[in-house]
Amino acid sequence: MASFSVDILVPVWNRPVETRNCLVSLVESTPEARLILIDNGSDRETERLLEEFAERLGERALLMRNDITCGFVPAVNRGLSRAEAPFVVIVRNTTVVAPGWLEPLVKLAAARSEIGLAVPLLVLDAATSRRGRGKPDVTVTEVSYGSFAAMLIRRSLFERIGGFDEELDGDLLCLRDYSRRALAGGYLTLAAEGVPVVFRDEVLLGSPARRRELVSASVATVDARWGREASFLIYFPAEADPEVVRARFGVLLRAARMGHRFTVAIGCKLRRAVSAAGLGSLHRSIAVEELPRFFAPSALRRIADRCAAEGIDPVWVAGIDGVDLPGGMSFRPFASFEGEVDAREEELYRREGEQNPVTAPADCVTVTISDGTSQGDERKEVAQ
């Protein structure tokens, strides 16, 4: 039997036109991967389509069937349980890929054993796609969670923590929960953004009232497991020691991995040092904003006003304790904030007293990956 370096899971429930477009793009763009097609109780037209693809692909296809529609997440979990390759990729049947989209994900995960989840550059609908403009450089940044539109999962992560929680909402809350479970297991979630992957918003099933009920229950469950996520505004004065700032960014990175979001306001003299150290690219949830040389209090208030307009009420934290704060503003001490980060990490992300291997800040935060491919043979199997 042939072996593959990548298994691609495609759960399918009807939508034959989008499904065909998705599968054609996968066949053309990922000849080295096996496709695991999960027929989630589709109608006869879609069922015939999947049978046709499985027959043509031969050993490159594994067709699985559910007699009834069991939901997207249960279908994903069933596919994960049948995957054999070291890397498994989930792709929705409304997603369309292009040549070169998969290689950076695989190369990154193969090079860094702490990466459990990786997502490509996701572009909503084809109108904003950059397809056909050549292969761009790949930028790697940590993110808070993955995406069911397209996402790589290290199979050893699945073997360690299991599948996605089928009781959650099947979307954002489910993804957040899985990335937190991965972090507790010693794995990170990253984006390797290069060749765009085009996706469509999913049509939500069920009544709006039922959806609201499920989302509300999922929020409560995820918050109970991992703590409530919050937003923070961190202020570093221009005269702050760059080495101290770098160390404090390590604390922010640990907190961002646990779901918190940060706007970091820095004095203008610090900007060059922060950029040179790559601190502005540590994590998608850490945004750095430079304050003007003069009128820093007004600039900080404008940032706060913008956050309020976006429905965000950040907690203000002094990046350096004991220094004069602009305009006499009231900031929470950084030592207090760091203590809470330590406590949450100890309680929720360290199991049986073991040190989590990914809690320290990464030295390399933004890298460029050259093009590469992984080769494999072909196989086919049909599961009833």
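This is a predicted model: local features need pLDDT of at least 70, side-chain atom pairs count only at pLDDT 80 or more; totals for chains, interfaces and linings use all residues.

## A partly exposed pair

Which side chain does Glu51 meet in a salt bridge? The partner is Arg44, with an N to O distance of 3.5 Å.

Arg44 has a relative accessible area of 42%, so Arg44 is partly exposed too. Side chains of opposite charge can pair when their charged atoms come close.

Now turn to helix H6, which covers residues 172-184. Asp177 and Arg181 both sit in this helix. They are 4 residues apart, about one turn of the helix. Their side chains form a salt bridge, at 3.7 Å from N to O.

Are these two residues buried or exposed? Asp177 has 0% relative accessibility, so Asp177 counts as buried. Arg181 reaches 18%. The cut-off for buried is under 20%, so Arg181 counts as buried as well.

## A bridge between distant parts

The side chains of Glu229 and Arg180 meet in a salt bridge, with 3.2 Å from N to O. This pair connects distant parts of the chain, 49 residues apart. Arg180 lies in helix H6. Glu229 lies in the loop between helix H7 (208-226) and strand S9 (231-236).

Both Glu229 and Arg180 are buried. The pair also belongs to one network, built from salt bridges that share partners. Which residues does this network join? They are Arg176, Arg180, Asp223, Arg228, Glu229 and Arg261.

## The whole protein

How many salt bridges does the structure hold? The count is 26. The pairs Glu51 and Arg44, Asp177 and Arg181, and Glu229 and Arg180 are among them.

The protein has 384 residues, and buried residues make up 54% of them. Its elements are 11 helices and 13 strands. Now take the contacts between residues at least 6 apart in sequence. Of these, 83% join residues at least 24 apart. The surface can be described as well: the protein exposes about 17,400 Å². Carbon and sulfur atoms supply 50% of that area.

Technical notes: Residues are numbered from 1 along each chain as its sequence is written. Side-chain values use heavy atoms; hydrogens and water are left out. A salt bridge is a side-chain nitrogen of Lys or Arg within 4 Å of a carboxyl oxygen of Asp or Glu. Buried means under 20% relative accessible area, exposed over 50%, partly exposed in between (1.4 Å probe, protein chains only). Helices (H or I, at least four residues) and strands (E, at least two) are DSSP runs, numbered from the N terminus. Contact means heavy atoms within 4.5 Å. Accessible areas come from the Shrake-Rupley method with a 1.4 Å probe; for residues, only the protein chains shown count as cover.
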